[in-house]
Amino acid sequence: MEILNFGELLKELRSKSGLTQAQLASQMGISKSLISFYELQERVPSPSVLIKLSAIFHVSTDYLLGIENTRRLDLSGLDEDDIKIVELLVDTLRKKNR
């Protein structure tokens with residue numbers, strides 16, 4: 001299990017989401033210092049913390065732990081036509097980047 005990069009990944013996800021450590025901590029019901037400890041890799045998150053983080057950042061717990069590198073998109077609230085457009089865009093971008 002690759003927890004070694006967890007702190008860096010957490011910081012990256014938090015920054016990309018425009019959240020401060022204090023804001024993320026508030027959403028999770030934990031202290032800002034605990035978020036800091038996770039980012040500095042001084043503490044390992046519990047399973048319940050991993051589940052909360054995965055919900056906030058719309059990624060799997062496996063992604064957070066470095067087990068898989070596939071990011072997931074939350075498509076809730078989109079109708080079938082919207083989802084088809086997103087799928088088409090993703091396919092087009094994959095072809096472009098090959």
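Mentor: Let's begin with E39, which is buried at a relative accessibility of 11%. (Buried means under 20% relative accessible area, exposed means over 50%, and partly exposed is in between, with a 1.4 Å probe and protein chains only.) Before we go on, a note on the ground rules: this is a predicted model, where local features need pLDDT of at least 70 and side-chain atom pairs count only at pLDDT 80 or more, while totals for chains, interfaces and linings use all residues. Residues are numbered from 1 along each chain as its sequence is written, and side-chain values use heavy atoms, with hydrogens and water left out.

Who does E39 pair with? Its partner is R14, and the two make a salt bridge whose closest N and O atoms are 2.5 Å apart. (That term asks for a side-chain nitrogen of Lys or Arg within 4 Å of a carboxyl oxygen of Asp or Glu.) Since E39 sits in helix α3 and R14 in helix α1, this pair ties together parts that are 25 residues apart in sequence. A helix here is a DSSP run of H or I with at least four residues, a strand is a run of E with at least two, and both are numbered from the N terminus.

Now stay with R14 for a moment. Helix α1, where R14 lies, covers residues 6-16. R14 is buried too, with a relative accessible area of 9%. What surrounds R14, once you skip the neighbours within four places in sequence? R14 is in contact with L19, T20, Q21, L24, I35, E39 and F57, where contact means heavy atoms within 4.5 Å.

I56 belongs to helix α4 and is partly exposed, with a relative accessible area of 23%. From I56 to M28 is 28 residues along the sequence, but 8.7 Å in space from C-alpha to C-alpha.

How many salt bridges does a search of the whole structure find? The search turns up 3. One of them joins E12 and K16, with the closest N and O atoms 3.2 Å apart. E12 and K16 are 4 residues apart in helix α1, which means about one helical turn separates them. E12 is partly exposed at 37%, while K16 counts as exposed at 60%. Then there are D91 and R94, whose side chains meet at 3.9 Å, N to O. Both lie in helix α6, 3 residues apart, about one turn of the helix. D91 is partly exposed, with a relative accessible area of 38%.

Next, the loops. Q41 is in the loop between α3 (32-39) and α4 (47-57), and has a positive phi of about 60° although it is not a glycine. H58, in the loop between α4 and α5, also has a positive phi, near 55°, and is not a glycine either. Q41 is partly exposed at 40%, and H58 is partly exposed at 39%.

Further along, D79 is in the loop between α5 (61-65) and α6 (80-96), partly exposed at 42%. D79 gathers with E80, D81, D82 and E87 in a surface patch of negative charge. (A patch takes residues with over 30% relative accessible area and no salt bridge, joining like charges within 9 Å and nonpolar side chains, Val, Leu, Ile, Met, Phe, Trp or Tyr, within 5 Å.)

Finally, step back to the whole chain. What does its secondary structure come to? There are 6 helices and 0 strands, and from the N terminus the order is α-α-α-α-α-α. The C-alpha trace spans about 40 × 30 × 20 Å along its principal axes. Of the 98 residues, 28% are buried. If you take the contacts between residues at least 6 apart in sequence, 50% join residues at least 24 apart.

Methods: Accessible areas come from the Shrake-Rupley method with a 1.4 Å probe; for residues, only the protein chains shown count as cover. Lys and Arg count as positive and Asp and Glu as negative; His and the chain ends are not counted. The place of a charge is taken as NZ of Lys, CZ of Arg, CG of Asp or CD of Glu.
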